[in-house]
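Colleague: I would like to learn how to read a few features from the coordinates. Please give the general idea, then the case at hand.

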Amino acid sequence: MSYVAACRLSVVVSQPQINPPLRSFWFGAAFHILRNPFQPAPLCVYHLQATGRALASTQPSGASSSASANMGSKKVQPFGSWRSPLTAELVSGASLRLGGAAVDSDGHLLWVEGRPAESGRSVLVREATKGGFMEDITPKGFDVRTTVHEYGGGAFTIAGDTIIFSNYGDQRLYQQTLKGDRSPVALTPAYDGPVVRYADGRVDLKFNRYITVREDHRKVGKEASNEIVAIQLEGDPNTGPMILVEGNDFYSFPRISPDGEKLAWIEWSHPNMPWDSAALWVGQISVDGTVINKVCVAGGDQTIIQAPTEPCWSSKNKLLFVSDKDNGFWNLYQWVEGNNVQPLYPLDAEFTRPAWNFGNSSFSFIETDGVPSGSQVACTYRQRGISYLGILDLSTNHFSPIQTPFTTIYNLFAREQYVYITAGSPTYSICIVKINWKNSTGKNEFSVVWSSDSIDIAKFQPYFSTPTVIQFPTKVTGQTAFANFYPPRNADFMQPEEEKPPLLVRSHGGPTSEADATLQLSIQYWTSRGWAFADVNYGGSTGYGRPYRERLYGNWGVVDVNDCCSCAEYLVATGEVDGQRLCIDGRSAGGYTTLATLVFSHTFKAGASLYGLCDLSVFQEDTHKFESHYIDSLVGKGELALRERSPINFLENLTCPVILFQGLEDKVVLPNQAEMIYKAVKAKGIPVALIEFEGEQHGFRKAENIRYTLEQEMLFFARLVGGFEVADDITPVHVDNLD
């Protein structure tokens, strides 16, 4: 550990040792109907159970009631000082990232997992065959990850036994076979650095080529260009690709019809984000491979606001997609002859997520008796924080629910009789689940093929807090917002009588995103030590329809701030937490909300910003292309609007301590944002610390840095607000104006 300046730290911490992964287990349990999936969840407090049910409750489950269980076997100790087996070392090393999944020609599942213990390297892994073991497909020296739009996604594709992937180091595309020599072979030219990037591609069998999105940064000083291009799978890799579609600011979802005759894609332009306004196009693939006769299927009428996404062809060349044009919720639609669009299953529910990453997949055509079906679709949707899964019969418009124990479901695809989903719940961390939706017994059986936690979760269950979804009043009369509330829980401890726990409120990133209730060890790290935790879905969050999402438009730094404060105040008023020990943190856009909350209100006693914004004017000048106009809708155009919402300009209102964490290679929120707020708060005489990590970008990927961040944030709050001694042996970082 070496000091960069005063208390700005460049941290190098030894990597943790983690146990071998325990990631494959069978359940084989038949599902049963839990409750009507079309009945809205109650407008009160409800508990998220392992079954996925919403059980109505008139009062939230208080920390005091949960702590009073098994009183005789528990030690009495102040909140925040409990010793937990969920150490920062275990949490940081055990949680893997998932970067997509697919199935090869033999029906074997492959997925990309990001490994904190390998400095965040992403590796393509194939599931264990009978009598065998899981195996890494990606050789040493390669890293399956793309940085298109900086957030990536869609980094690999499987066609038969061939894998095409983007390599993080040089951003070139490589081809790799699953049989024989697996050495990756470059498909694209080598440039001077990773300046040309690719994502979200599909193999065009008719022309033996790869159609993909390209992002070109070769013109220094100018905005990157985005196109849809075709890359030959044989020949000289230094040959430039054929540009198929160009002229707009952004592209995604290039999808080829099964007969090879048509190409569908999504495009949008500044100042929109893909969830604001976009267009779905279809073009004919000519005899020479170019795209001609282009038709706008959805989004061309400027009088109808919509954000179509996820085009998908059936085996019979039917085109389905998702749009929010009619009811403000992302629903399924079908394109029919005459350029007409028909809704398939109108529902006040979200059938997709915002396209922060490439490769969203919320529905898939399935096979019946081994024959691809053009009329049955496996799909998932989300209502009031809970996901549902089922089969939609397009010929009858009948939806048959598939009951699962999961409350969060996304990235769905189907192969033969199996539906694969990425899923989680309060008792399941993010995992890949394989569901036999129609076996010989008529029962839906499932297996967890892969889990993001490479430890035996079961032995830590007594230390896990189960979240309660709370719906609380906001500062706007008649409006409510939502949060996942986790009371403190530890099988070994209980609190002294009359004490209320400290609260950490988290403001999620995006801000157009959502906090779900999937088991996260990083949250349980806090609750198992005696902290209450509230993960807020403030106005502007996704999962509740366009009107809820657009509450934030023009009001970023107002609605999100007010809702985070209202959540904390609600929990104080209901007796759940200590009003004198309220803390807040957030990452990226959530870091901005944290800083804005500290300067525009006085609800919280301390805050932590992880790669958050403090100066919106500087951010708009410095940030990457994808988000370069995002603030126009969130705040408004013009320097005055940006200035009035920038926390850096209102530090005279700041009265509480702040700790900052920043990656020095961040291209989304540049390190100068953290440096500005650090210097200004330090000059004001308020306790502040800035920890900078070399080699980290937007979101920390290295186990040692994730661990250090967890430990130092908790210890900072304990020292400045908590009034208790932590049980962990942690050396505190130097805090300016305190130490």
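Colleague: What percentage of the 739 residues in the chain do buried residues make up?

Modeller: Buried means under 20% relative accessible area, exposed over 50%, and partly exposed in between, with a 1.4 Å probe and protein chains only. Buried residues make up 60% of the 739 residues here. This is a predicted model, where local features need pLDDT of at least 70, side-chain atom pairs count only at pLDDT 80 or more, and totals for chains, interfaces and linings use all residues. Residues are numbered from 1 along each chain as its sequence is written, and side-chain values use heavy atoms, with hydrogens and water left out.

Colleague: In which strand does S323 lie, and which residues does S323 touch?

Modeller: Strands are DSSP runs of E, at least two residues, numbered from the N terminus. S323 lies in β24, residues 319–323. Contact means heavy atoms within 4.5 Å. Leaving out residues up to four places away in sequence, S323 touches Q306, A307, P308, F329, W330, N331 and Y333. With a relative accessible area of 0%, S323 is buried. Its side chain also reaches the backbone nitrogen of K325 at 3.4 Å.

Colleague: How many disulfides does the count come to?

Modeller: A disulfide is a covalent bond between the sulfur atoms of two cysteines. The rule asks for a pair of cysteine sulfur atoms within 2.5 Å, and the count comes to zero. C564 is in no disulfide, as the nearest cysteine sulfur, that of C565, is 7.0 Å away.

Colleague: Is C564 buried or exposed?

Modeller: C564 counts as buried, at 0% relative accessibility, whereas C296 is partly exposed at 21%.

Definitions and conventions
Helix = DSSP H or I, 4+ residues; strand = E, 2+ residues; numbered from the N terminus. Polar contact = N/O pair within 3.5 Å; in protein donor to acceptor, adjacent residues only side chain to side chain.
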